[in-house]
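I opened the model to look up a few local features and the pockets. My entries follow in the order in which I made them.

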Amino acid sequence: ITEINMLMPDSILFGSLLMYFLTQNMAFGIFSLFIFETVLSHKLISWVSSQAVGPSRSGDTECRPGFKTAQLNPGRMFSHDTYPSYGVYAITSIATYLGLATNEFSSTLKAMGPEWQSRSTVAYIFIALVLVAFIAARLWSCDSMGEVIMAFTMAIVAGAIFFSINKAIFGQEAMNFLGLPYMVGKESTGSPIYVCAADTNSD
């Protein structure tokens with residue numbers, strides 16, 4: 001469980017890339033891009049923090065998240081040991097992104113009937129549970145409360161900003177993980193809606 005907790009941010013990145021190559025689903029490709037954006041934004045925040053108060057964590061910490069290298073050493077493929085907690089920052093931004101993506105199609109789920117309407121609520125609950133469990137594990141093993149609060153707050157802001165940017169650039173389809181249909185109102189299109197029906201007058 002501890003190792004899964006340590007690998008989770010990078011494992012999600014490689015897993016989403018694998019899903020994109022296997023399924024060619026645009027949503028997984030943009031999600032992978034979002035994780036790269038998260039990494040870069042965290043490095044920017046870490047750099048600003050180091051310039052303001054100096055380095056906050058040594059490079060040989062055992063709490064550094066990410067994949068291990070092939071050698072038998074605690075080093076990682078990516079350097080994620082900078083302040084604030086990369087693990088909390090990444091998972092919180094991912095949870096924000098997935099929550100907003102789910103909310104994007106909540107009206108579609110509602111229109112599809114009561115058996116679909118509750119799925120968005122279930123998704124929100126499980127996203128929150130995973131996030132709480134991950135943060136609790138980091139607090140128990142590595143991170144301080146102040147570091148977690150800072151990473152959590154900044155990650156929510158960054159996740160919402162990158163979600164809006166990606167949606168504006170790539171469109172709503174880039175957020176459609178489940179391949180749900182679109183709900184288009186007549187008022188937004190300004191054109192009439194035609195319904196095809198059988199001809200009852202024919203013999």
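**Q24.** I looked up Q24 and found it exposed, because its relative accessibility is 53%. I use buried for under 20% relative accessible area, exposed for over 50% and partly exposed for in between, with a 1.4 Å probe and protein chains only. Q24 sits in the loop that joins helix 1 to helix 2. Its phi is near 55°, which is a positive value in a residue other than glycine.

**Ground rules.** This is a predicted model, in which local features need pLDDT of at least 70 and side-chain atom pairs count only at pLDDT 80 or more, while totals for chains, interfaces and linings use all residues. Residues are numbered from 1 along each chain as its sequence is written, and side-chain values use heavy atoms, with hydrogens and water left out.

**Chain.** I noted seven helices and zero strands. Helices are DSSP runs of H or I with at least four residues, strands are runs of E with at least two, and both are numbered from the N terminus. Of the 203 residues in the chain, 37% are buried. I also checked contacts, meaning heavy atoms within 4.5 Å. Among those between residues at least 6 apart in sequence, 72% join residues at least 24 apart.

**Confidence.** The mean pLDDT of the chain is 79, and 72% of the residues score at least 70. pLDDT is the predictor's confidence in each residue, from 0 to 100. By element, the highest mean, 93, belongs to helix 6 (residues 145-170), and the lowest, 53, to helix 7 (residues 186-189). Residues 70-77 have pLDDT below 50, yet this stretch has 18 contacts in the model beyond near neighbours in sequence. Where pLDDT is low, the predicted coordinates should not be read in detail.

**S32.** Is S32 buried or exposed? I have S32 down as buried, because its relative accessibility is 2%. S32 belongs to helix 2 (residues 26-53). A polar atom of the S32 side chain lies 3.0 Å from the backbone oxygen of F28. Leaving aside neighbours within four places in sequence, I found S32 in contact with L13, S16 and L17.

**Largest pocket.** I took a pocket as an open set of points on a 1 Å grid over the protein atoms alone, where a 1.4 Å probe fits, with protein on both sides within 12 Å along at least five of seven lines; lining residues have an atom within 4 Å of a point. The largest pocket holds about 280 Å³ of space, the volume being the space filled by probe spheres set on the points, which are joined across faces, edges and corners. Its lining has 15 residues, and L98, T102, A123, F177 and L178 lie nearest the centre. The lining splits into eleven nonpolar, three polar and one charged. Here Ala, Val, Leu, Ile, Met, Phe, Trp, Tyr, Cys and Pro are nonpolar, Asp, Glu, Lys and Arg are charged, and the others, Gly among them, are polar. Helix 3 (86-104) and helix 5 (114-141) each give at least two lining residues, and helix 5 gives the most, five.

**Second largest pocket.** Its volume is about 160 Å³. I listed M8, I12, I91, I94, A95, L98, I127, V130 and L131 as the lining. Helix 1 (2-23), helix 3 and helix 5 give two or more residues each. Which element gives the largest share of this lining? Helix 3 does, with four residues. The lining counts nine nonpolar, no polar and no charged residues.

Key: Polar contact = N/O pair within 3.5 Å; in protein donor to acceptor, adjacent residues only side chain to side chain.
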